Amino acid sequence: MAAGDGDVKLGTLGSGSESSSDGGSESPGGESPAASLPRMKKRDFSLEQLRQYDGSGNPRILLAVNGKVFDVTKGSKFYGPAGPYGIFAGRDASRGLATFCLDKDALRDEYDDLSDLNAVQMESVREWEMQFKEKYDYVGRLLKPGEEPSEYTDEEDTKDHNKQD
């Protein structure tokens, strides 16, 4: 499903051209947009707030999987506007990942509780969540409508980031 040393991929849905690159490496000239951005402070996001991080107007790229938001900026070759998985940038990618679908129709404009997915698809979502946790920084939760954001202390933020390093 995902490459070991490479970026998180949809396996059979990729064009194959991405398999030789890890998407997170920086060129010797320092061209990676992730290199110049500070680590994002932990916070929670509404769908509307998440959409601002699609890599088009803001160099930072976020996406959500199973209610968790990840900073995938270092994988901009894949998740940026021109990338093969750019459709997931600034969105909840759970349904698209669970169903292996890259069509815009697979993504919801409103909060998606995933309640209509079957057991195999939900297991796939959890597997993708673990892949993203290993590869990218977890930056917060995706809020359900009406849900209040959590207050994160600097200590929690540092502890979570150190756990990932």
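This is a predicted model: local features need pLDDT of at least 70, side-chain atom pairs count only at pLDDT 80 or more; totals for chains, interfaces and linings use all residues.
Trainee: In what pattern do the helices and strands follow one another along the sequence?

Mentor: The chain is built from 6 helices and 3 strands. When the elements are read along the sequence, their order is α-α-β-β-α-α-α-β-α.

Trainee: Is Y79 buried or exposed?

Mentor: A residue counts as buried when its relative accessible area is under 20%. The relative accessibility of Y79 is 2%, so Y79 falls into the class called buried.

Trainee: How are the rings of Y79 and Y85 arranged, and what is the pair called?

Mentor: Searching the whole structure gives 8 aromatic pairs. For Y79 and Y85, the ring centres lie 6.3 Å apart and the planes meet at 40°. Planes under 30 degrees apart would count as stacked and those over 60 as edge-to-face, with the rest counted as tilted, and therefore the pair of Y79 and Y85 is tilted.

Trainee: What is the pair of Y79 and Y136 called?

Mentor: Here the ring centres are 6.1 Å apart, while the planes stand at 85°. Because an angle over 60 degrees is the cut-off for this class, the pair of Y79 and Y136 is edge-to-face.

Trainee: How many residues apart are Y79 and Y136?

Mentor: Y79 belongs to helix α3, which covers residues 76-79, whereas Y136 sits in the loop between α5 and β3. The pair links distant parts of the chain, and the separation is 57 residues.

Methods: Residues are numbered from 1 along each chain as its sequence is written. Side-chain values use heavy atoms; hydrogens and water are left out. Helices (H or I, at least four residues) and strands (E, at least two) are DSSP runs, numbered from the N terminus. Rings of Phe, Tyr and Trp (its six-membered ring) pair if their centres lie within 6.5 Å; planes under 30 degrees apart count as stacked, over 60 as edge-to-face and the rest as tilted. Buried means under 20% relative accessible area, exposed over 50%, partly exposed in between (1.4 Å probe, protein chains only).
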